[in-house]
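This briefing covers the annotated positions, the pockets and the sheet of one protein model. Please read it alongside the sequence and the coordinates.

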Amino acid sequence: MDMQESGPEATPLPTPAWQALADHRQAMRPVTLRQLFMEDPVRGARLTLEAAGWYLDYSKNRVTPRTVELLVRLAKECRLPARIDAMFHGDAINASEGRAALHVALRMPAGEAVQVDGRDVGPNVQKTLHRMAALAMQLRSGACLGGTGMPIRNVINLGIGGSAIGVEMACAALEHYVQPGLLVRFVSNVDGADFAQATRGLDPRETLFIVCSKSWQTSETRHNAASARVWCMQALQDEDALQAHFVAVTGNREAAIQSGIARDRVLEIWDWVNGRYSLCSAMGLALMVAVGPEAFGEMLAGCHDMDTHFRNAPLERNLPVMHGLMAIWNNNCLGARTAAVLPYDHHLRRFPSYVQQLMMESNGKSVTQDGKPVAGHTGPVYWGACGTNGQHSFHQLLHQGSQMVPCDFIGFLVPLAASPRQHEELLANMFAQAEALAFGQALADDGAAAAPHRHVEGNRPSNTLLSTRLTPRTLGALVAVYEHSAFTQGAAWNIDSFDQWGVELGKTLALRIVHELDAGTTGMQNHDSSTRALMQKYLDARMGKTNRGTEQ
């Protein structure tokens, strides 16, 4: 057994396809990537797929044609094709909440119908896109004025989680396409330092806030919106002028209006759009402002290109499906507990965080859709950073650590900004890292066995995703790859990839604790001794600061 491969474990579900994979795993234990490539000279070209402008090389996974056959059998056994059809038809596949998960409708072309609860949602999607485009063009042209008549030059997105991570990632990814002179920033954290940093150096009279909260109850966003009102009022000195500096994106329209947002400045999001899948909705308004409606439309088209492929391609030729099945194999059969996302493009520096939320909030579950425990492991921990930075940070563990970490290498053949020579070096590093992970270094240069501390075992799996150039369209397709890969993995485990009930408990407890801290109590009846002691530490510090302030 390879030192980085874990021992046998229970299959997630007691089904024939899972059992067949467990049996096959035993046969694959002695097989190495070096051996697989030696036995098949064209393996590197054969185990590849292309779709929507992306090329996936999955040949550096420890799989054989038999492995792929069994993984496809698993996908069929868990009714993945039927689940895909159900999603695209607007069925309530988010079972625990009784909702559709129809983010694919957000990027369907105008006129393409899809129904939720007997109603075609397409017209409302197009109406919202037109409203977004009108506001974006006003902002980009300088025609959008603040309450004092000064043009808006700064846009700050207030949101957290799915209301921020995706759009912030996309703004960084597409910064090459951002209109000069228009500043777009983000505030997520309830820590006031985040707001202070985002507004530093800005003029409130030239600043617009986009308040993004599907429920309009998100605590962090409400606090930051309140801070934004105070910050604006210090300059405006006029309540009536405030409305010109706020836009809302929410599914709770009346609550937003009651809190002071102008009726014509509320953009809609629907309950069939999950937060982490909402980039293509009105939650992406800050991105549309930054890159323009045309580029935003290109991103939607890229998503739709991959959606169409995912919906129609046979499983064994389906790029997102195969990406998801490789993750299943590495996690459940080879024992990988984490996965690294390694974009070799500085513009995608926030992409690992985006994938982290997408995968871990979607598939961080341990109960099946029918309420039974999953016997084996579900979602692995996703993490990563840009190459080549990561090579001087954590790649040591990837190559010589005691645990196996499957990697996704993501790159582009043509650079946006770098010199051709620098880009060539960047890609050379990416190709080399994948090769080193797969094959290691068994011998020293003179043919002798390498010293133990220099030995690099190899036999560690990776995918490589390549596209020609980073454009709005290829970014959209890449986003859809990971969305549908997450769906594929969730289907294999029979879990609901579209709810997130685990997030709610912490929110509930935080609300209770903040009330107790406000009252100056430690909630002795409600909390454990550790939590009470931590609360008391804070109360003591607060009292100390108050005393010092009084003495001064």
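**Annotated positions, pockets and sheet**

K507 is partly exposed, because its relative accessible area is 47%, which falls between the 20% and 50% cut-offs. The model is a predicted one. K507 sits in helix α18, residues 502-519.

**Annotated active site**

- In an unreviewed entry, UniProt assigns the feature "active site" to E361, H392 and K507.
- These positions span 147 residues of sequence, and in space they are spread as well, with up to 37.1 Å between C-alpha atoms.
- From this set, E361 and K507 belong to the lining of the largest pocket.
- H392 is located in the loop that runs between β11 (381-384) and α15 (395-400).
- H392 counts as exposed because its relative accessible area is 72%, and the cut-off for exposed is over 50%.

**Largest pocket**

- The largest pocket holds about 1300 Å³ of space.
- Its lining consists of 39 residues, and S215, T218, V503, E504 and K507 are the closest to the pocket centre.
- Helix α18 gives the largest share of this lining, eight residues.
- At least two lining residues come from each of α9 (219-236), α14 (351-363) and α18.
- Sorted by class, the lining of the largest pocket contains 17 polar, 12 nonpolar and 10 charged residues.

**Second largest pocket**

- The volume of the second largest pocket is about 390 Å³.
- Lining the second largest pocket are 19 residues, with D345, H346, A418, H423 and L426 nearest its centre.
- By class, the lining of the second largest pocket is made up of eight polar, eight nonpolar and three charged residues.

**Sheet**

- Six strands form an open sheet with mixed pairing, in the order β1-β2-β13-β12-β10-β11.
- At the edges are β1 (48-51) and β11, each of which pairs on one side only.
- From one strand to the next, the twist averages 20°.
- Strands of a sheet pair through backbone hydrogen bonds, in either a parallel or an antiparallel sense.
- Strands β12 (residues 407-412) and β13 (residues 462-467) are paired in the parallel sense, over six bridges.
- The bridge partner of C407 in β13 is S462.

Note on methods. Residues numbered from 1 in each chain as written. Predicted model: local features only at pLDDT ≥ 70, side-chain atom pairs only at ≥ 80, totals over all residues. Heavy atoms only, no water. UniProt positions renumbered as here; feature names shortened; annotations may be inferred. 1 Å grid on protein atoms, 1.4 Å probe; cavity = no way out; pocket = protein on both sides within 12 Å on 5 of 7 lines; lining within 4 Å. Helix = DSSP H or I, 4+ residues; strand = E, 2+ residues; numbered from the N terminus. Buried < 20%, exposed > 50% of the residue type's maximum accessible area, 1.4 Å probe, protein only. Points joined across faces, edges and corners; volume = space filled by probe spheres on them. Nonpolar A, V, L, I, M, F, W, Y, C, P; charged D, E, K, R; others polar. Pairing = 2+ DSSP bridges. Axes fitted to C-alpha atoms, helices over the stretch in contact; angles between N-to-C directions.
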